[in-house]
Amino acid sequence: MRIPLRRDGLRLASPAAFPVRKAPADEVDHPWFLTAAERGNSATTLLPWTEGNAVRALVHGRTYFPVLADVLERVGERDLVLFADWRGDPDQRVRDEGPTVAELLAGAVRRGASVKGLLWRSHLDRLRFSGEQNRNLSQGVNELGGEVLLDQRVRPLGSHHQKFVVVRHGGRREDDVAFLGGIDLAHSRRDDAEHGGDPQRQPFARWYGSSPAWHDVQVEIRGPAVREVEEVFRERWRDPAALSRLPWHVIPDMVRRLDRDPSTLPEARPAPSEQGTCAVQLLRTYPNRWPGYPFAPDGERSAARGYAKAMRRARRLVYIEDQYLWSSDVARVFADALRREPELHLVVVVPRYPDQDSRLSLPAVRLGHAQALEMVHEAGGDRVLVLDVENHDGEPVYVHAKICVVDDVWATVGSDNFNRRSWTHDSELTAAVLDDRRDPREPRDPAGLGDGARTFARDLRLELWREHLDRPDDEGLVDPAEALAALRGSAEALDAWYEGGRRGPRPPGRLRRHPLEYPPRWRRWLASPMYRTVLDPDGRPPRMKVHRRH
């Protein structure tokens, strides 16, 4: 059923209750997850959420890639491999000794697996995108009998930013698995906790040197949610719009014999049985595109709505790692929560420098970032802590992760950044996870709402904080008050060591206070149009833009 364009959506930062259309009488409400009505997209076939999933965080590419390789190296006849990506480098090694991404997928095809992929049809390589790499990966797999399509079914200047892999087995459904998060099958991603960088680097901003240190997170999901991630792929695959919306692509595609017509996918198999204790909700972004997506006629903004609903339940600590955090529309959601809850703290870990260093884009990036940080600082004062990361050699680490943990209860890992582009304009996919297992350590219920600390959310936060603070264990990090003091103390000590001329041993920890840098006033005036139209565009229907609703 098409969602009428005249609908106004909802205000993400309204202090009122979550204002959506009335749910059907048989729809179950949930304190953390969006109901089907709250998703705001009645055309999708996705379930609101699934239960009984096993979910594991895979922090860093050197952790994720070998796990993915182990799965793909075991597929064969009757198995199905589906993947979607923003960037794919054919020669990226998944282990030190290989294979490469292309060899891994080719091996699956040779063993009889059905391999289907959707790679974003990227912008030009000279703009530091991945048009050639994605095309080469597509051609290489297709020549062997796979089917990897270059997908440009997006808005102008938009992208398909989802990064996920689904493996379904014909004879052993208990081994079905999905991976999703922020890690592309690409150069620079295969780093680890030491952050020495990936020997195979992509062109990057000058501040990060010859081998950029890269911090990222993916999740492995087993259980009924695997079928839902598969359905995300199937909905996109069935989209009848032309794969390329630019007429001058047609002749080059014909010369290169690129596949421009998706085949029919094998019939979907039943969902895997329950394998764990986690409920999983898939949150997505699709823009208002013309013609509309059949599965999201006016787009979908469940990622934005999911965060907005979770923020209404936040009481003690919201922890974010993100590549950008540069939109006022997004910052307003967190600022609203900080004003409403006087005991709430916000900790944000971002890159020290942007990923773009061109004279044209840099002022616009810094403008959006400064505006967002200023908004949350004004709302929360010293309850807001914004940090960046360096390795032990003092080199900045590029934070590409997109995670959020609220009160050690609700956690997300996905592809969506905290900016307007990711919440309205590009395609995104994020897993919101609520573990049924309670963590027995005190405080057992940090927010005091009866939710109890959940194992997945707390373990994810603690794993990341142990890395950032150089801690061997969780001592002093479980309780939010103690943990916040540890973060502040570590960052202050490292900052003081630098300010003192780096005399004496380097203090443990890798976090430093992130500076708030506003461009000069004349540059703000020049940068604002580019920021709003190119770097952080708005993909909502026109009426929602006018009324600032999602």
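Let's start with E147, which counts as buried at 7% relative accessibility. Buried means under 20% relative accessible area, exposed means over 50%, and partly exposed is in between, with a 1.4 Å probe and protein chains only.

A word on the model. This is a predicted model, where local features need pLDDT of at least 70 and side-chain atom pairs count only at pLDDT 80 or more, while totals for chains, interfaces and linings use all residues. Residues are numbered from 1 along each chain as its sequence is written, and side-chain values use heavy atoms, with hydrogens and water left out.

The pLDDT is the predictor's confidence in each residue, from 0 to 100. Its mean over the chain is 91. Of the residues, 91% reach 70 or more. Contact here means heavy atoms within 4.5 Å. Where pLDDT is low, the predicted coordinates should not be read in detail.

Back to E147. What does E147 pair with in a salt bridge? The partner is K116, with the closest N and O atoms 2.6 Å apart. A salt bridge is a side-chain nitrogen of Lys or Arg within 4 Å of a carboxyl oxygen of Asp or Glu. K116 sits in strand β3 (residues 114–120) and E147 in strand β4 (residues 147–151), so the pair ties together parts 31 residues apart in sequence. Helices (H or I, at least four residues) and strands (E, at least two) are DSSP runs, numbered from the N terminus. K116 is buried too, with a relative accessible area of 11%.

The whole structure holds 49 salt bridges. Take R458 and D439. Their closest N and O atoms are 3.4 Å apart. R458 is in helix α11, and D439 is in the loop between β17 (428–435) and α11. The two are 19 residues apart, and the pair links distant parts of the chain. R458 is buried, at 0% relative accessible area. D439 is buried as well, at 5%. Both belong to a network of salt bridges that links D408, D439, R441, R458, D459, R461, R466 and D474.

One more pair: D435 and R437, at 2.9 Å, N to O. Is R437 buried or partly exposed? R437 counts as partly exposed, at 41% relative accessibility. D435 is buried, with a relative accessible area of 0%.

On to the nonpolar cores. A nonpolar core is a set of buried Ala, Val, Leu, Ile, Met, Phe, Trp, Tyr and Cys residues joined through side-chain atoms within 4.5 Å. The largest has 67 residues. Which of them touch the most other members? They are F164, L180, I221, L282 and F456. Helix α11 (residues 455–469) gives the most to this core, with seven residues. Apart from this core lies another, of 44 residues, including L12, A379, V386 and L434. Now L180 itself. Beyond its neighbours within four places in sequence, L180 contacts F164, I221 and L282, among others.

Next, two polar residues. E231 is in helix α5 (residues 225–237). E231 is buried, at 7% relative accessibility. Its side chain joins that of T45 in a polar contact of 2.7 Å. A polar contact is a pair of N or O atoms within 3.5 Å; within protein, one must be able to donate a hydrogen and the other to accept it, and residues adjacent in sequence count only if both atoms are side-chain atoms. Leaving aside neighbours within four places in sequence, E231 contacts T45, L46 and R238.

H400 is in the loop between β14 (397–399) and β15 (403–406). H400 is buried, at 3% relative accessibility. A polar atom of its side chain lies 3.1 Å from the backbone oxygen of G182. Beyond neighbours within four places in sequence, the contacts of H400 include D184, R189, W214 and D216.

Helix α4 (residues 131–142) has 12 residues. At 1.5 Å a residue, α4 should span 16 Å; its end C-alpha atoms are 17 Å apart, which agrees. The expected span is 1.5 Å times one less than the number of residues. Buried residues in α4 include N134, R135, L137 and V141.
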